[in-house]
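Please walk through this protein model one part at a time, keeping the structure in view as you read.

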Amino acid sequence: MKQSNTFATGFIKAFCEAGTGLLVIDNPQRKNAVTAAMWRAIPEAIHWLHADAGARVIVLTGGGTVDFSAGADISEFTELRKDAATARVYEASNSRAFAAVREAPVPVIAAIRGVCYGGGFGLAAAADLRLASSDAVFAVPAARLGLAYPADAVQDFVRGLGSQMARRALFTGAAMKSAELLACGFLSEMTEPDQLEQRAQILADTIAANAPLSLRASKLALRAFEEADDDMLREAEVIGASTFESEDYREGRAAFAERRRPVFTGR
C-alpha cells in the first residue's frame, strides 16, 4: 500500500511503497529553492519515511521535471539571514537537514537533474548514493554571495568530491557538469535525462529488497570509517553481530537453499 504525507505546507512531499521511500523538494516554480520552512521540514519528513512509513531506502529528488534544487531561497535572506545572529539560526536548520540525510538509518539516494546548487548540492552531498542526468549542473556559489558554507556540509563535499574538487567548487563557485562529477567519484552513475527516474527506482528497489538490519549495520560502519568515530564503529559492530541471531538471517539461508528470493522483515 502506498503511503504519503506532506510537510512545509506541501513544499516537501513524502511517499513510500514496498519499502522504497521518495522525498520530493517540491517548489518547481522557483527551481525547487528551499525555504526556511522547508529546511525545517526535511528532518521531519525523513523521520516519517523510515520510522512511520517503513521505508528501507529513500530517494531524494526535486519536484517537476527540470531541476533538483537551486539551494536556499535567497529571497528570504534579507530578513532571515540579515546578520550574524539570524544567520546562526538559519544555518542551524540547514545543518539539521544535512544531518538528517547523512544520519538516516536507511540508505539515501539523490536523483539529480538540472540545477543542483548551493544547499541543494549540500543535500545531495549528504546522501549515500548519487545518480544524475547528463544535463545536470552543480555549483556552490556561497563565495559569490559573500557567505561561508556550513562547516558540516563542507565535510560532505570533501567526502563526496575529494579534496581537490571540493576546493575547486568552494573557492571558485563555478558550475560543474555531471561528467566531471562522475569522473571524480561524486556520482555512482550518469544517465540520459529520460532514464534518471527509472534508474533511481531500480537501484532503490534493489536496496529495499535486502535485509534492513544488514543495511543499517553497513551504513553505520561506513559512516564510522569516514568520520573516524570509534563509538559509532562499536555501535555498528553490535548491530552487525545481531544479524546472526535475526529472523532475516534464517530467511536468507533458507531462501538460498531453496533457490528463491528472500523476503526480509527487518527482524
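At 29% relative accessibility, R159 counts as partly exposed, whereas D156 is buried, with a relative accessible area of 2%; here buried means under 20% relative accessible area, exposed means over 50%, and partly exposed lies in between, using a 1.4 Å probe and protein chains only. R159 and D156 form a salt bridge in which the closest N and O atoms are 2.6 Å apart, a salt bridge being a side-chain nitrogen of Lys or Arg within 4 Å of a carboxyl oxygen of Asp or Glu. Both residues belong to helix α6 (residues 151–161), and being 3 residues apart they are separated by about one helical turn. Salt bridges that share partners join R102, D156, R159 and E226 into one network.

This is a predicted model, in which local features need pLDDT of at least 70 and side-chain atom pairs count only at pLDDT 80 or more, while totals for chains, interfaces and linings use all residues. Residues are numbered from 1 along each chain as its sequence is written, and side-chain values use heavy atoms, with hydrogens and water left out.

Across the whole structure, a search finds 14 salt bridges. One of them joins the side chains of K219 and D128, at 2.8 Å from N to O. Because K219 lies in helix α10 (residues 212–227) and D128 in the loop between α4 (118–126) and β7, this pair ties together parts that are 91 residues apart in sequence. K219 is buried, at a relative accessible area of 6%, while D128 is partly exposed, at 32%.

Turning to the sheet, you can follow 7 strands in the order β1-β2-β3-β4-β5-β7-β10, which make an open sheet with mixed pairing. Helices (H or I, at least four residues) and strands (E, at least two) are DSSP runs, numbered from the N terminus, and two strands pair if DSSP finds at least two bridges between them. The edge strands, β1 (3–7) and β10 (189–191), each pair on one side only. Strands β2 (residues 12–17) and β3 (residues 20–25) pair in the antiparallel sense over 6 bridges, and K13 stands opposite V24 in β3.

Finally, consider the nonpolar cores, each a set of buried Ala, Val, Leu, Ile, Met, Phe, Trp, Tyr and Cys residues joined through side-chain atoms within 4.5 Å. The largest core has 58 residues, and those with the most contacts inside it are I12, I112, F121 and F138. Helix α1 (residues 36–52) gives the most to this core, with 9 residues. Apart from it lies another core, of 11 residues, including V57, V59, A204 and I207.
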